[in-house]
Amino acid sequence: MNQTPTAPAGAPAGVPVDTHCPYCSLQCGMRLGAAASGPSPVEIVERPDFPVNRGALCGKGHSAAAVLAPGVRLTAPLVRDEKGGPLREATWDEALDRAASAFAAAGERYGRDAVGVFGGGGLTNEKAYLLGKFARVALRTANIDYNGRFCMSSAAAAHRNAFGLDRGLPFPLADVARTGCLILVGSNLADTMPPAVRYVREMRENGGTLIVVDPRRTRTADLADLHLAPAPGTDLALALGLLHLVVAGGHVDEDFIASRTNGWEAAREAAMAHWPERVEAITGVPVSQLRRCVELFVSAGTGMVLTARGPEQQSKGVDTVGAWINLCLATGRAGRPLSGYGCLTGQGNGQGGREHGQKADQLPGYRSITDPAARAHVARVWGVDPADLPGPGVSAYELLDALGTEGGARALLLMGSNPVVSAPNARHVTSRLAALDSLVVCDVVLSETAALADVVLPSAQWAEETGTMTNLEGRVILRQAALPPVGHARTDLRILHDLADRLGHGKGFPADPEEVFTELRAASAGGQADYSGIDYARIRAEEGVFWPCPAGDAADPVVPHPGTPRLFLDRFATPDGRARFVNVSHRPAGEEPDADYPLLLTTGRVLAQYQSGAQTRRTPELNRAAPAPFVELHPRLAARLGVTEGEPLALTSRRGRATAPARITTAIRPDTVFMPFHWPGEGRANSLTNPALDPQSRMPEFKVCAVRAEKAIPSEAAPATGEAVR
């Protein structure tokens, strides 16, 4: 084929490059050098000077170079000549022409919103920014959202409700080591972010206490001074019950409430309706443990509550997180040193990815797309009329649910996501993707979603491109290219540039990441997520810069702003500077157990895999550690089913069926089963999950749904026989 690789050249041979891990939101620092042997062109070595991980890497980080090998990833564009036909290699011109023509045809036939864009929380800030601009300027569609909607959206909404601003952690991760009591809610930190566990261990060595809230006794729970195991979907009642005990025990910080908050009386009244015995009946957590939890939390001089997907991925996730924030506010554990609420953001750029425009309702700088002033500011930066910018679109699941239907997108550009595995109600989502007139996927590997595409555009890998990420602390860091892309892969920025050019927008879509970041800085200036005082040189010099960081210090515009490692110490980001309690009460999950589906299913991650597994399942070292899905269940449930360790077990919900080997353990509640969600096929956990949406965040309810369980034959061609639990 007559093609030439087009990505940046990377560093000179033999020169080590400081960069960051391609996986979770810690964005651990690492150093890339030339590999002495093996299929990967680089080797990963520790980078002890980076403050977040101080050189430590988990197995995913250590093995990240494996996916750079040529035989693992996409190296040339692929096209499909007819629906149902095979994918074949194509030139870039053919593939790009097909993609652009499909977008133009859908827009002309059905209207601009018939073209959709679906992004990812792993994209760099530059890519997320340019993808949002591409949707709204080149395509002029409102239909853009991203898979981060499935991760942090409930915590983000709760942050904004209470504090007026959303940043995952309002303090550096190192502050965790110095707090007096930490409540981890729905986080298995030891498996999902192993390098962060050192801060928890240091906290306990310093005399602090750890409380873990999780339906399972995880490796993180094994570290705890107290483990609370509520039924999935009852975290809201638990938080309200704890606040009830704070009030009843006289532990309310009246001075803090009077001077720095609003809305306490309504929140207090709601909490008092959740007395301990009622909460025990709802959650299954004994009253004695509720009292002990409050005793530990209020007796420490400082305290933090950190949530993850457990309480957030619910149809009441925003209210649930709000209730945990209420607990912090009522006890004066917010807006003070070594205290506060935070969200353990999941995806690599889960923070930055939700700040700069790939969300349905958002413009860069965490601006609202419905705010006339925000529209005017961004339109000036982009050189367009504000009236030409589309309004808000629908959320991620709603976008996917409507694909190929009247009023939904008929052509879709999907970048950095694998919803065939990761979306709730995945069987239905897969059918909607198949119903599109055209699906165009940009990815580094032939994921399960890319395998359905009409056009596949091979993207450069993390070590082959430069760009910024924003970690869970709000620290903006810089990934740096160490080598050029393999084969004919191109950077996503170059792909967006080439597509925009074919759609009549040759200017305004640069392929150079630093040029894009310069424009992002201008677009974010004055917004809540203000990056205007950050540049690549400063990130390199300071090991990252915390936003907000405007272009100059307010007192002296010539002096660079220092960045903001700690938020809310003087005031909250609300109009009056006060934090806001929320008035919330317990309500059931979107789907409760019944006679036909009597068990609760919850889902999550395992140590050796990541998200949909598109990359980690292609890494031999990680696959040896976690080769396949499983169903975790309690021995009492296993005995009722007559199933033994390793036997195939089928779970069925109202949406689908999944089969995997049984893993029997007392670490889970008898009324609950657990499946990891990294795998496709018969073991796809998201064939079961419920797409019921939170009314504020539009987060699907991944973490709780009703299922039945029954023994299954090893390879099911038809529904398995056997006694079901009913």
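A salt bridge is defined here as a side-chain nitrogen of Lys or Arg within 4 Å of a carboxyl oxygen of Asp or Glu. The structure is a predicted model, in which local features need pLDDT of at least 70 and side-chain atom pairs count only at pLDDT 80 or more, while totals for chains, interfaces and linings use all residues. Residues are numbered from 1 along each chain as its sequence is written, and side-chain values use heavy atoms, with hydrogens and water left out.

A search of the whole structure finds 43 salt bridges. In one of them, the side chains of glutamate 519 and lysine 133 meet with an N to O distance of 2.8 Å. Glutamate 519 belongs to helix α19 (residues 513–524) and lysine 133 to helix α3, so this pair ties together parts that are 386 residues apart in sequence. Helices (H or I, at least four residues) and strands (E, at least two) are DSSP runs, numbered from the N terminus. Accessibility is classed as buried under 20% relative accessible area, exposed over 50% and partly exposed in between, with a 1.4 Å probe and protein chains only. Glutamate 519 is buried, at 16% relative accessibility, and lysine 133 is likewise buried, at 3%.

Two further salt bridges each lie within a single helix. Arginine 292 pairs with glutamate 295, the closest N and O atoms being 2.7 Å apart. These residues are 3 residues apart in helix α11 (residues 287–299), and therefore about one helical turn separates them. Arginine 292 is partly exposed, with a relative accessible area of 38%, and glutamate 295 is partly exposed at 45%. In helix α20 (residues 536–542), arginine 538 and glutamate 542 are 4 residues apart, about one turn of the helix. The closest N and O atoms of the salt bridge between arginine 538 and glutamate 542 are 2.7 Å apart. Arginine 538 is buried at 13% relative accessible area, whereas glutamate 542 is partly exposed at 38%.

Two packed helices are described by the angle between their axes and the distance between the axes. Axes are lines fitted to C-alpha atoms, for helices over the stretch in contact, and angles run from 0 to 180 degrees between N-to-C directions. The axes of α3 (residues 125–139) and α18 (residues 492–502) come within 10 Å and cross at roughly 10°. The crossing of α3 with α18 is left-handed, that is, the near helix is turned anticlockwise from the far one by less than a right angle. Glu126, Lys127, Leu130, Leu131, Phe134 and Ala138 of α3 make the contact with Asp492, Leu493, Leu496, Leu499 and Ala500 of α18, where contact means heavy atoms within 4.5 Å. The residues of this contact comprise 8 nonpolar, no polar and 3 charged; Ala, Val, Leu, Ile, Met, Phe, Trp, Tyr, Cys and Pro count as nonpolar, Asp, Glu, Lys and Arg as charged, and the others, Gly among them, as polar.

Backbone geometry was also examined. Most residues other than glycine have a negative phi, and most peptide bonds are trans. Arginine 140, although not a glycine, has a positive phi of about 55°. Arginine 140 is found in the loop between α3 and β7 (144–146) and is partly exposed at 28% relative accessibility. Leucine 338 likewise has a positive phi, near 65°, and is placed in the loop between α13 (317–330) and β13 (340–343). Leucine 338 is buried, at 18% relative accessibility. The peptide bond from tryptophan 547 to proline 548 is cis, with omega near 0°, and proline 548 is located in the loop between β21 (545–546) and β22 (579–580).

Aspartate 319 is found in helix α13 and is buried at 17% relative accessibility. Apart from neighbours within four places in sequence, aspartate 319 contacts Leu236, Val584, Arg587 and Gln696. Arginine 618 lies in the loop between β23 (599–604) and α21 (620–625) and is partly exposed at 25% relative accessibility. The C-alpha atoms of arginine 618 and arginine 73 are separated by 9.0 Å, although these residues are 545 residues apart along the chain.
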